[in-house]
Amino acid sequence: MRYNTLGGTGLLVSEICLGTMTFGGRGVWTAIGTLDQSVADRIVAGALDKGVNFIDTADVYSEGLSEQITGQAMRNSGRARSDIVLATKVFASVGKGVNDRGASRGHIMDGVKASLKRLGTDYIDLYQIHGNDVVTPIEETVRALDDLVRDGLIRYVGVSNWPAWRIMKALGIADRLGLDRIASLQAYYTIAGRDLERDIAPLLLSEKVGLMVWSPLAGGLLSGKFSRDGSGDGRRANFDFPPVNKDRAFDAIDVMAEIAKDQGVSVARIALSYVLHKPFVSSVIIGAKSVEQLDDNIAAGEVVLSADELARLDAVSALPAEYPGWMLERLSGERTASVAKPR
């Protein structure tokens, strides 16, 4: 297992993060997974045994049951709390009240106390705002999170599913006021969905914000279990999310299948390895329904893609040109050509 710093912090996280969305199975989350405590215990212990030190959950997963199961599985593993980097999230609706959602100071303060109780821990390593709150001022959210860091209830601040401008504004507010900065972004990124390379990835590299990738297999579409005609067995068959350009996805799957055959590994490992090769990625979140699936996904960290293989995968999954990207590239050509190349 390899470990990366989470953005510009000194916190080391495993490049594979265990996602717990499959734990519980309450409410609408039955479509994702219905793993009970005993299975979750085996998956968490199996991940920790293979060097995973990073676990991600959220208050909304299975209506809070995922946090309960995750916290108990951590304790049942026998590992010291300090050996595990625990991440959870707040934002989505957890009740019927108008203030039972969002990124307001009130909901954040209520949310962290509820999560700590369900998880059975004194602190959360990474506390993330799970969505983009268009009502709450960004400064209110940033100040509330900083207070939680100062109170010792959380150690690092993260966001999820935020646009580039909002991340940059939050960073600017934090820097101006001397508040805790955003350490990481949790976002969707796959070989079939490279959209964040347009604006978000350059921002992450520039500002030293880490990236946690969710759904790196595009909801199982890139597992190799599905065909162009729509047949296949897996989560995608019942829950067709996230949205994907399927023609481009299956073109990429065809190339990944060739590389997987040459290397003697699964298509899923190639899909995960491709994401892990990107310099702006800190950790890739995998969700497993069995120890066998967990082991195969973790093994993606052992796959090394050659320059030729990466070039083939980049080419087949390339994003269509969009403005202002194509204009910026055109205008910067002469300038970059003037700079000496490395010897």
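Predicted model: local features only at pLDDT ≥ 70, side-chain atom pairs only at ≥ 80, totals over all residues.
Residues are numbered from 1 along each chain as its sequence is written, and side-chain values use heavy atoms, with hydrogens and water left out.

**Entry 1: the barrel**

I looked up the strand order and found eight strands closing into a barrel, β3-β4-β5-β6-β7-β8-β9-β10, with parallel pairing (two strands pair if DSSP finds at least two bridges between them). From one strand to the next the twist averages 30°, where axes are lines fitted to C-alpha atoms, for helices over the stretch in contact, and angles run from 0 to 180 degrees between N-to-C directions.

I then followed β10 on both sides. Strand β3 (residues 16-19) runs parallel to β10 and is joined to it by four bridges, and β9 (residues 210-214), also parallel, is joined to β10 by two. Valine 284 of β10 has isoleucine 16 opposite it, and valine 213 likewise stands opposite valine 284. Because four of its five residues are buried, β10 is largely enclosed by the rest of the structure.

How many residues of α9 are buried? I noted nine of ten, so that the helix is mostly covered; among them are Val267, Ile270, Leu272 and Tyr274. The cover over these buried residues includes β3, β9, α8 (246-263), β10, α10 (291-298) and α11 (307-316).

Lysine 278 sits in the loop between α9 (267-276) and β10 (283-287), and because its relative accessibility is 14%, I counted lysine 278 as buried. Apart from neighbours within four places in sequence, lysine 278 is in contact (heavy atoms within 4.5 Å) with Tyr189, Arg194, Glu197 and Asp314.

**Entry 2: salt bridges**

I listed 20 salt bridges in the structure, each being a side-chain nitrogen of Lys or Arg within 4 Å of a carboxyl oxygen of Asp or Glu.

Aspartate 56 pairs with lysine 89, their closest N and O atoms being 2.7 Å apart. This pair links distant parts of the chain, with aspartate 56 in strand β4 (residues 54-56) and lysine 89 in strand β5, 33 residues apart. Aspartate 56 is buried at a relative accessible area of 2%, and lysine 89 is buried at 0%.

I next checked aspartate 49 and arginine 79, whose closest N and O atoms are 2.8 Å apart in a salt bridge. Aspartate 49 belongs to helix α1 (residues 37-49) and arginine 79 to the loop between α2 (65-76) and β5 (85-90), 30 residues away in the chain. Aspartate 49 is exposed at 58% relative accessibility, whereas arginine 79 is partly exposed at 33%.

Glutamate 258 and arginine 312 also meet in a salt bridge (2.7 Å, N to O). Because glutamate 258 lies in helix α8 and arginine 312 in helix α11, the pair ties together parts 54 residues apart in sequence. Glutamate 258 is partly exposed at 44%, as is arginine 312 at 28%.

Technical notes:
Buried < 20%, exposed > 50% of the residue type's maximum accessible area, 1.4 Å probe, protein only.
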